[in-house]
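Please look over the sequence and the structure shown here.

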Amino acid sequence: MIADVLSEASARMQKAVEVAKDDFASVRTGRANPQLFQKIMVSYYGTPTPLSQLASLQNPEARTLVVTPYDKSALKDIEQAIRDTPNLGANPTNDGNIVRVTLPELTEERRKEFVKIVRSKAEDARVSVRNIRRKAKDDLDALKGEVGDDEVARGEKELEHVTKTHVDQIDEALKRKEAELLEV
């Protein structure tokens, strides 16, 4: 029973780490990257739809991204969604067939802003991991009547180790992303 609680908590914590890494990928560095547009939602016939389902993304140059919609009628909506995306600073242009997005050069001030955003996302991920730990600890405490106190204490110690491992993974990913952002 304790092993079940620990394995479920570990799996959920690993998902939180993966979500944090995906969030980090959506924060811009000096190069255009299709992952930047991963979380952009386009109003397609009144329904919020991920951009990746409406168009293909190519990266022909370092700071340019070409968005080719599958349905040409969505062109204006795609252009508007990209323009309205916060923290991107992109300037999309529409030629009737494709949307060409040019990302501006990052200034030192903008890089520091992005570092703050990434740190905030990392803290959200840490909080998520801690919430999972809290729920798992409650589950372990609920088992006290069924199994011995020593086993529950060992389970809690193991839970702390698993939590620390996942928080360290988030911190390591944060460190790599910060270095990437501050690299000129």
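**How the helices are arranged**

Helices α1 and α5 are roughly parallel to each other, because an angle under 35 degrees counts as roughly parallel. The axes of α1 and α5 cross at roughly 10 degrees and come within 10 Å. Sorted by class, the contact of α1 with α5 has 13 nonpolar, six polar and five charged residues.

The model is predicted, and a word on confidence belongs here. The average pLDDT of the protein is 88, and 99% of the residues score at least 70. Confidence is highest in α5, at 92, and lowest in strand β5 (residues 91-94), at a mean of 87.

Helix α5 (residues 149-182) packs with helix α4 (residues 108-142) at an angle of about 170 degrees, and their axes are 10 Å apart. Angles over 145 degrees count as roughly antiparallel, so α4 is roughly antiparallel to α5. The contact of α4 with α5 has 15 nonpolar, three polar and 11 charged residues.

What lies inside? In soluble globular proteins, nonpolar side chains tend to be buried together. Here the largest nonpolar core has 29 residues, and Leu140 and Leu159 touch the most other members. The elements α1 (2-25), α4 and α5 each give two or more residues to this core.

Glu178 has its place in helix α5. Is Glu178 buried or exposed? Its relative accessible area is 16%, and Glu178 counts as buried because the cut-off for that word is under 20%. Not counting residues up to four places away in sequence, Glu178 touches Val115 and Arg119.

Glu109 is found in helix α4. Glu109 has a relative accessible area of 61%; exposed means over 50%, so Glu109 is exposed.

Key:
Residues are numbered from 1 along each chain as its sequence is written. This is a predicted model: local features need pLDDT of at least 70, side-chain atom pairs count only at pLDDT 80 or more; totals for chains, interfaces and linings use all residues. Side-chain values use heavy atoms; hydrogens and water are left out. Axes are lines fitted to C-alpha atoms, for helices over the stretch in contact, and angles run from 0 to 180 degrees between N-to-C directions. Helices (H or I, at least four residues) and strands (E, at least two) are DSSP runs, numbered from the N terminus. Angles under 35 degrees count as roughly parallel, over 145 as roughly antiparallel, 65 to 115 as roughly perpendicular and the rest as oblique. Ala, Val, Leu, Ile, Met, Phe, Trp, Tyr, Cys and Pro count as nonpolar, Asp, Glu, Lys and Arg as charged, and the others, Gly among them, as polar. pLDDT is the predictor's confidence in each residue, from 0 to 100. A nonpolar core is a set of buried Ala, Val, Leu, Ile, Met, Phe, Trp, Tyr and Cys residues joined through side-chain atoms within 4.5 Å. Buried means under 20% relative accessible area, exposed over 50%, partly exposed in between (1.4 Å probe, protein chains only). Contact means heavy atoms within 4.5 Å.
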